[in-house]
Amino acid sequence: MNTELLKICGIALLCAFIGGALGRTLGGMSVAVRLGGLALIFGGILGSVGEIVGQLSDMGLNSTSLEYSELMLRGLAIGVLCRICSDVCRDCGEPTVAAGVESAGKLAILALAMPVLADIVEYAAELVESI
């Protein structure tokens, strides 16, 4: 994973430098370079996500653990999606919209985590009753 992360960071920096240099002269090519770099980065990320999902399924977890793992991956996906969207909004000169997207993402993750919180409270109540 570490070498993959280094490759992803290298691709990102290369695209940022090339995109910035081309942005001064050829604006359209700058966007194409950045989108191509983004596609390569997402390709690297998807490979890692596939490995994580495979490892989770190989662990032989029970249904509750799989449910929590699924919630964790959904929360990660929400966070990544909102971060990308908010960064695009900031790049377009809309910091207020970006802040709104980030707030909506945080609330979505909180709503996603509510069943886990309910399970924790229920478990704590069972522990208190057994004492």
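Trainee: Which helix supplies the largest share of the nonpolar patch?

Mentor: This is a predicted model, and its nonpolar surface patch of about 610 Å² is made by Val31, Leu35, Leu38, Phe42, Ile45, Val49, Leu76 and Val80. The largest share, 6 residues, comes from H2.

Trainee: Is Leu35 buried or exposed?

Mentor: Leu35 is located in helix H2 and is one of the residues that make the nonpolar patch. The cut-off for an exposed residue is over 50% relative accessible area. Leu35 has a relative accessible area of 52%, so Leu35 is exposed.

Trainee: Which helix gives the most to the negative patch?

Mentor: The negative surface patch is formed by Glu67, Asp119, Glu122, Glu126 and Glu129. One of them, Glu122, lies in helix H4 and is partly exposed, with a relative accessible area of 48%. The greatest contribution, 4 residues, comes from helix H4 (residues 95-130).

Trainee: How many residues apart are Arg74 and Glu70?

Mentor: The structure holds 4 salt bridges, and one of them joins the side chains of Arg74 and Glu70, at 2.7 Å from N to O. Arg74 is partly exposed at a relative accessible area of 45%, and Glu70 is partly exposed at 41%. Both lie in helix H3 (residues 63-91), about one turn of the helix from each other, a separation of 4 residues.

Trainee: What separates Asp87 and Arg83 in helix H3?

Mentor: Asp87 and Arg83 form a salt bridge, their closest N and O atoms being 3.2 Å apart. Asp87 counts as partly exposed at 30% relative accessibility, whereas Arg83 counts as exposed at 53%. Because the two are 4 residues apart in helix H3, they are separated by about one helical turn.

Trainee: How many residues apart in sequence are the parts tied together by Glu102 and Arg90?

Mentor: Glu102 forms a salt bridge with Arg90, with the closest N and O atoms 3.0 Å apart. Since Glu102 lies in helix H4 and Arg90 in helix H3, the pair ties together parts whose distance in sequence is 12 residues.

Trainee: Which residues do salt bridges with shared partners join into one network?

Mentor: Glu102 is partly exposed at 26% relative accessibility, and Arg90 is partly exposed at 37%. Salt bridges that share partners bring this pair into one network, whose members are Arg83, Asp87, Arg90 and Glu102.

Trainee: How many disulfides does the count come to?

Mentor: A disulfide is a covalent bond between the sulfur atoms of two cysteines. The cut-off applied to a pair of cysteine sulfur atoms is within 2.5 Å. By this rule the count comes to 0 disulfides.

Trainee: How far is the sulfur of Cys82 from the nearest cysteine sulfur?

Mentor: Cys82 is buried, with a relative accessible area of 16%. Cys82 is in no disulfide, and the nearest cysteine sulfur, that of Cys85, is away by 7.0 Å.

Notes. Residues are numbered from 1 along each chain as its sequence is written. This is a predicted model: local features need pLDDT of at least 70, side-chain atom pairs count only at pLDDT 80 or more; totals for chains, interfaces and linings use all residues. Side-chain values use heavy atoms; hydrogens and water are left out. Patches are made of residues with over 30% relative accessible area and no salt bridge: like charges are joined within 9 Å, nonpolar side chains (Val, Leu, Ile, Met, Phe, Trp, Tyr) within 5 Å. Accessible areas come from the Shrake-Rupley method with a 1.4 Å probe; for residues, only the protein chains shown count as cover. Lys and Arg count as positive and Asp and Glu as negative; His and the chain ends are not counted. The place of a charge is taken as NZ of Lys, CZ of Arg, CG of Asp or CD of Glu. Buried means under 20% relative accessible area, exposed over 50%, partly exposed in between (1.4 Å probe, protein chains only).
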